[in-house]
Amino acid sequence: MDLLGLHQKIMAFLMRAHIISPQKRLHPAFGWVALVVSITFVYFMTMRRQRRQPARLHTNPTPPQAEQLPDRNRTNATRSSSSSSGASRRKLSVATNGILVRISEKGVCLVDEAVPALLQLCQGFDIYLVTQCNTDQEEQQVLSLLGQTSAFELGLERHKVMFCSTAAGRGSMIRQLSPFTHVEVNEAVVSSLKPHVRRIIFVGNEQTTDTSVSDVPVKRSLQEVAAALGFS
């Protein structure tokens with residue numbers, strides 16, 4: 001608002017109200033007083049107008065929708081990125097004995113042809129490996145062998161490499177993990193997990209007559225498991 005114009009309007013109002021007279025000479029201080037009153041009036045009117053205006057909400061733009069989790073039956077085009085966190089990927093547990101890890105009197109070794117499949121699964125799932133061992137030394141050997149692959153760099157976490165001493169103990173661990181998919185090598189464990197795990201894949205002889213695995217997918221290797229889960 002124009003302060004000079006406001007000042008003139010106030011002076012004209014005072015004259016019309018006979019508060020001051022144009023014929024009388026005003027004290028010089030009166031002009032300054034009128035100017036201060038004008039400025040004060042403008043200030044309070046401005047503040048009043050601002051208080052009446054609704055406050056603007058500063059909201060962040062809506063974040064992009066999180067990418068859909070990879071479906072267990074999708075092709076490799078729908079894989080999760082290796083940078084995806086465990087929280088954003090479906091949980092997969094794997095009983096490693098016989099299909100990824102071999103333990104014998106000669107020692108511990110990895111199944112070489114299964115390592116590429118493991119690396120693929122590490123990139124696509126929040127993966128847990130459960131190995132049945134007899135000694136602490138065997139457990140350390142398993143960790144050491146996995147460290148020689150790039151599994152830990154591709155998504156596998158060390159605390160998710162787990163160990164048990166019996167198949168029944170593995171079943172109990174898997175129930176507590178409650179994975180979306182579990183890969184199992186023992187028919188009895190398959191039977192015990194059916195009420196608790198959404199999807200079970202059995203790795204073993206396709207010609208098995210055991211009724212506990214008659215209604216679950218049966219694969220012959222970890223490579224076939226990876227293919228069934230969308231990796232080829």
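View 1. The chain's accessible surface comes to about 14600 Å², and carbon and sulfur atoms hold 53% of that (Shrake-Rupley method, 1.4 Å probe; for residues, only the protein chains shown count as cover). Seven helices and eight strands make up the secondary structure tally (DSSP runs numbered from the N terminus: helices are H or I with at least four residues, strands are E with at least two). As this is a predicted model, local features need pLDDT of at least 70 and side-chain atom pairs count only at pLDDT 80 or more, while totals for chains, interfaces and linings use all residues. Residues are numbered from 1 along each chain as its sequence is written, and side-chain values use heavy atoms, with hydrogens and water left out.

**View 2. Confidence, and the stretch at residues 54–85.** Mean pLDDT for the chain is 78, with 62% of residues at 70 or more (pLDDT is the predictor's confidence in each residue, from 0 to 100). Residues 54–85 fall below 50, and beyond near neighbours in sequence this stretch has 34 contacts in the model (contact means heavy atoms within 4.5 Å).

**View 3. The Glu184–Arg170 salt bridge.** Here the closest N and O atoms of Glu184 and Arg170 are 2.7 Å apart (a salt bridge puts a side-chain nitrogen of Lys or Arg within 4 Å of a carboxyl oxygen of Asp or Glu). Glu184 belongs to strand S6 (residues 181–184) and Arg170 to helix H5 (residues 167–177), so the pair ties together parts 14 residues apart in sequence. Both ends are tucked away: Glu184 is buried at 0% relative accessible area, and Arg170 counts as buried at 2%.

**View 4. Lys194 meets Asp215.** This salt bridge is 2.7 Å, N to O. Lys194 sits in the loop between helix H6 (187–193) and strand S7 (199–203), and Asp215 in the loop between S7 and strand S8 (218–219), 21 residues apart. Lys194 is partly exposed at 29%, whereas Asp215 is exposed at 56%.

**View 5. Two arginines over phenylalanine rings.** The charged end of Arg90 sits over the Phe180 ring, 4.2 Å from its centre (NZ of Lys or CZ of Arg within 6 Å of the ring centre and within 35 degrees of the ring normal). Arg158 lies over the face of Phe152, at 4.2 Å from the ring centre.

How values were computed
Buried < 20%, exposed > 50% of the residue type's maximum accessible area, 1.4 Å probe, protein only.
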